[in-house]
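Please read it alongside the sequence and coordinates.

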Amino acid sequence: MAIVRPFCAVRPRSDIANQVAALPYDVYNREEARKEVQGKPYSFLNIDRPETQLDPNIDIYDDAVYQTAKYLLHRHIEAGVFVQDCSPCYYIYELTMDGRTQTGIVGCSAIDDYESGVIKKHENTRADKEIDRIRHVDTCNAQTGPIFLAYRSQKEINTLVSEVKMEKRPTYDFTSEDGIRHCVWKISNPQQIRSLEKAFDKIPNTYIADGHHRAASAVKVGQGRRNENTDYTGNEEFNYFLSVLFPDDQLYIMDYNRTVKDLNGYSCHEFLEKIKEYFVVRLVGKEAFSPKEKHSFGMYIDSNWYEIKIKEKFISDDPVKSLDVSILQDYLLDPILGIHDPKKDKRIDFIGGIRGLKELERRADSDMRISFSMYPTTIEELFAVADANMLMPPKSTWFEPKLRSGLFIHQI
């Protein structure tokens, strides 16, 4: 059963929380991050991407980068930009985007749950990305980016969340530059804290929705601290990692689309004939096409949109092979376009659905050749893959809205 415990969060003062909150560090490349922090001294991106504060020529993995993050974090704490709650609390974190709301519980999950499989994963992680966050967490002595977890909705937790929201005014309530409203309530009542702990203890599994690298890094830092402190009790903060847990029925997964550099030597006519071995092809025309059902794909090439549907005989019952991202990879990207490893091949790029279909057209008309619009992976599919202890292909899910970094810091 899931262990989710309260903690003493380091968090921004209420009057500047909107200036501190920042999108996750991995949303930006180096140049984008540098531009984003200009004129924003409180933005947490300064700490999450500390190379923005240094000479542009310095290696992003240089020791000075991580020392800068530590310096900035502690300077802000000393200056009163951040405060720390004196007793362990849970927090309610609510995000509203385009009139749709999702409400999660901020707490700390156990690294033992990660290692035992109580916390389920659906993606592999890359060693280089892990090392970066390991060094960041270890040097700052703090987890600064929450891991986005999901669980099957539970009435008891929903009721308690509703009660707290009715009883108290939010600690934070602001709208970020991208139009997302962020509200936070603190749960400090001992009885409510015990009720939440017991409620999570009834949940058999939680699932990483977003933040696989942050989770793996937090766990490895915790393991390292255990090796350094062989008499650890299990109650030390390094045994837990910062999480925001959402009920599955409130989550929104957007399409995660693809665009490819060339047709692998085929002419457009040859390519269209080739894919008919696996797909039913229908010309849509100039109007952008977004698939309305599973196993249907939009395809944009030479200023025209097509709908392509996988033929029924190629549909599998396997939790991974039946995913639309797998079908496109296994029956088109790999055998026809020669994209054998989408994680490494420079001919393919991935575009989150938040960018819209116009971005797919723009890319195919400029630096790429062909784009594909996808039907979104569902949370049920994610759970099915994770429950089967299997892994999804890369870039299978795009969750919106994105959690903000800097609103909650867990010192270890």
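1. The structure holds 32 salt bridges, a salt bridge being a side-chain nitrogen of Lys or Arg within 4 Å of a carboxyl oxygen of Asp or Glu. This is a predicted model, in which local features need pLDDT of at least 70 and side-chain atom pairs count only at pLDDT 80 or more, while totals for chains, interfaces and linings use all residues. Residues are numbered from 1 along each chain as its sequence is written, and side-chain values use heavy atoms, with hydrogens and water left out.

2. One of the salt bridges joins Glu 156 to Lys 202, with 3.1 Å between the closest N and O atoms. Glu 156 belongs to helix 7 (residues 155-167) and Lys 202 to the loop between helix 8 (190-200) and strand 11 (206-210), so the pair ties together parts that are 46 residues apart in sequence. Helices (H or I, at least four residues) and strands (E, at least two) are DSSP runs, numbered from the N terminus. Glu 156 is partly exposed at 34% relative accessibility, and Lys 202 is exposed at 52%. Here buried means under 20% relative accessible area, exposed over 50%, and partly exposed in between (1.4 Å probe, protein chains only).

3. Asp 262 and Arg 347 form a salt bridge through their side chains, at 2.6 Å from N to O. This pair links distant parts of the chain, 85 residues apart: Asp 262 is in the loop between strand 14 (256-260) and helix 10 (268-275), and Arg 347 in the loop between helix 11 (324-333) and strand 18 (348-352). Asp 262 counts as partly exposed at 28% relative accessibility, whereas Arg 347 is buried at 19%.

4. Asp 367 and Arg 363 are also joined by a salt bridge, their closest N and O atoms lying 2.9 Å apart. Asp 367 is partly exposed, with 33% relative accessibility, and Arg 363 is buried, with 11%. Elsewhere, a network of salt bridges links Arg 11, Asp 85 and Lys 186.

5. Does the length of helix 6 (residues 127-140) agree or disagree with what its 14 residues should span? The expected span, 1.5 Å times one less than the number of residues, is 20 Å, and the end C-alpha atoms are 20 Å apart, which agrees. The buried residues of helix 6 include Glu 130, Asp 132, Arg 133 and His 136. Their cover includes helix 3 (45-48), helix 4 (63-79), strand 7 (142-143) and helix 9 (212-228), contact meaning heavy atoms within 4.5 Å. Asn 141, which follows helix 6, has a positive phi near 60°.

6. An open, antiparallel sheet is formed by six strands in the order 15-17-16-19-14-18, where two strands pair if DSSP finds at least two bridges between them. Strand 15 (279-285) and strand 18 stand at the edges with a single partner strand each, so one side of each has no neighbour in the sheet. From one strand to the next, the twist averages 25°. Six bridges pair strand 15 with strand 17 (residues 304-310) in the antiparallel sense, and Ile 308 in strand 17 is the bridge partner of Val 281.

7. Two helices lie across strands of this sheet. Helix 10 lies across strand 15, strand 16 (296-301), strand 17 and strand 19 (370-373), at about 170° to strand 16. Helix 12 (residues 357-365) lies across strand 14, strand 16, strand 17, strand 18 and strand 19, at about 160° to strand 19. Axes are lines fitted to C-alpha atoms, for helices over the stretch in contact, and angles run from 0 to 180 degrees between N-to-C directions.
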